[in-house]
Amino acid sequence: MPDPISLDADDLRFILGLKARRLRHEAGLGLKDVARRAGLSVSYLSEIEKGKKHPKPGKLLRLAEALGTTYEELVSPKVGEDLDPVRSLFASPFLREFPFGLFGVEPESLLALLTDAPEKAGALVRAFVEVARTYDVRVEHFLLAALRAFQQMNANHFPDLEREAAAFRAERGLAPGGAVDPDALAAVLVENWGYEIDSANLPGDPDLAGFRSVYREGPPPTLYVNGRLLPAQRAFILAREIGYRHLGLVERALSSSWLEVESFEQVLNNFRASYFAGAVVIDRESLEDRLRELFARPRWDGEALVACMRSYGATPEMFLHRLTELAHEVFGLTELFFMRFNNAAGSETFDLTKVFNLSRVPVPHGIGLHEHYCRRWPAMRLLGELGRRPGAAADRPAMAVQRSRFIEEGEEFFVISMARPLALADATHSGVTIGFLVDDAFKAGVGFWDDPAIPRIEVNLTCERCRLDDCAERVAEPAIFRGEEAQERKRRALAALLAGRS
């Protein structure tokens, strides 16, 4: 027997629509036939079936009679066993929170698709549920994926947030092109919204020491900022908090790291406040001018790029991520990716903690259990070097650049990587990478695209998927590649056998 499911008014409308649509199909009746028998308009009946309307008892009674069932059966939240997975889907946090509207789809439209073939839909939903359980896919994974898709739809550039950040900077008299004082931002929160700023509590609590910030509702509202953060990180945290207030964002996460995602509104608001913060800390006006000058040079100048980053007091992650927000608008570059790896000193394990891919080419992502990411990426090399060099300064990142050509796809990316020790995790390093597809747009907008001093290196996703025989950096056997090769030999042999060839 299915587990009981908590249902609200929206769920009951969906279930009523599901049952009404199915009963009508089973009776072989059209919308006009049922509407005429029930004394309803066709448009109103259509709204019921889409889960948008829940009529009053009198109309429901006539509808039940028109469908050849009882009032009690029609309004009951119970459905047949074959449809229970569909009912579970519409009562699930996934359907409640997933932002279908961002992609031009409403839950009601999904309902219509599922109920056209309810038995098959039930089997499909069961399959998704089983996959989600097997691979521990949770609602927050869908919501964060939806946010990434939303960013991709907009080339990760949001003019409204750029304008709001520029207006705030002008209002506070922040000079373009320089580092923003975190104390000045803290003063804004205190003066404008009565905040208390606490920098002492988080570092002293072993369970909270890894959080960059925690927000507590007031009065007074309190923002706990980890005192071990670099000045640029504190500035970003404080600017993000101002973003919540300045943009009027109410629903929010309470901590800097996601412990639990409660709604897409939380995810979207966190993104909006963070985008605002990045545009406050690194203003567009000065960065655009500096990037145009740097990108016009015929030779790559890594020191000039680092100097540009340091002029804002920014961390590598802030700086390179800011480039993803302006690359399309300023240079017309949409085929790019950003990723971040963490690595404990001396460890051979590299954790991919963030990836954002605006290109059509697969880049390293969370694929395969226990696979080993290709060590030919510059971030891997930098992290390995940092692990062998204790005492590296967190505010002085190492940098590497290369042209990475994917072995299988043949596509080539101009890749910039930086790595540094993490401020809140002892003996742990973080490496961030931005990669631009070397296409016509990149060649037109970047003068150093073909700088002969830049090494060209073949890369792959993981060692297990790589066909290279002479790779000095390999740390695992190409088990997946060999398995795929064996499968292909079997397919060819089978085809030959069936074709009568020996």
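Where does P176 sit in this chain? P176 is found in the loop between α11 and α12. Before we follow the chain further, here is how to read what comes next. This is a predicted model, in which local features need pLDDT of at least 70, side-chain atom pairs count only at pLDDT 80 or more, and totals for chains, interfaces and linings use all residues. Residues are numbered from 1 along each chain as its sequence is written, and side-chain values use heavy atoms, with hydrogens and water left out.

Let's stay with P176 for a moment. Setting aside residues up to four places away in sequence, P176 touches R169, D283 and S286; contact here means heavy atoms within 4.5 Å. For the chain as a whole, take the contacts with a separation of 6 or more: 66% of them join residues 24 or more positions apart.

Now for the overall build. The secondary structure comes to 21 helices and 9 strands. These are DSSP runs, numbered from the N terminus, with helices being H or I of at least four residues and strands being E of at least two. The chain has 502 residues, and buried ones make up 49% of them. Buried means under 20% relative accessible area, exposed means over 50%, and partly exposed is in between, using a 1.4 Å probe and protein chains only.

What gathers inside? In soluble globular proteins, nonpolar side chains tend to be buried together. A nonpolar core is a set of buried Ala, Val, Leu, Ile, Met, Phe, Trp, Tyr and Cys residues joined through side-chain atoms within 4.5 Å. The largest such core here has 81 residues, and L287, F319 and F414 touch the most other members. Helix α15, residues 264–281, gives the most to this core, with 11 residues. A second, separate core has 22 residues, including C374, W377, F413 and L437.

Look up F319 in the structure, and you can trace its surroundings. Not counting residues up to four places away in sequence, F319 touches I282, L287, L305, C308, M309 and A314.

Cysteines raise another topic, the disulfide, which is a pair of cysteine sulfur atoms within 2.5 Å. How many disulfides does the structure hold? The structure holds 0 disulfides. Take C374 as an example: the closest cysteine sulfur to its own is in C471, at 6.2 Å, so the two are too far apart for a bond. C374 is also buried, because its relative accessibility is 7%.

Next, let's see how helices pack. Two packed helices are described by the angle between their axes and the distance between the axes. The axes are lines fitted to C-alpha atoms, for helices over the stretch in contact, and the angles run from 0 to 180 degrees between N-to-C directions. Helix α12 (residues 182–193) and helix α14 (residues 231–246) pack at about 25 degrees, with their axes 8 Å apart. The two are therefore roughly parallel to each other; angles under 35 degrees count as roughly parallel, over 145 as roughly antiparallel, 65 to 115 as roughly perpendicular and the rest as oblique. On the α12 side, the residues that meet α14 include L185, L189 and W193, and their partners in α14 include L238 and I242.

Helix α2 (residues 31–38) and helix α4 (residues 57–66) pack at an angle of about 125 degrees, with their axes 8 Å apart. That angle makes α2 oblique to α4. The contact is made by V34, R37 and A38 of α2 together with R62, L63 and A66 of α4.

Finally, visit some details of the backbone. A cis peptide bond joins G218 and P219, with omega about 5 degrees, and another cis peptide bond joins P219 and P220, with omega about -15 degrees. P219 lies in the loop between β2 (213–216) and β3 (222–225), and P220 is in the loop between β2 and β3. In the loop between α10 (139–153) and α11 (159–172) you will find A155, which has a positive phi of about 50 degrees although it is not a glycine. N156 is found in the loop between α10 and α11, and its phi is near 55 degrees. N156 counts as buried, because its relative accessibility is 0%.
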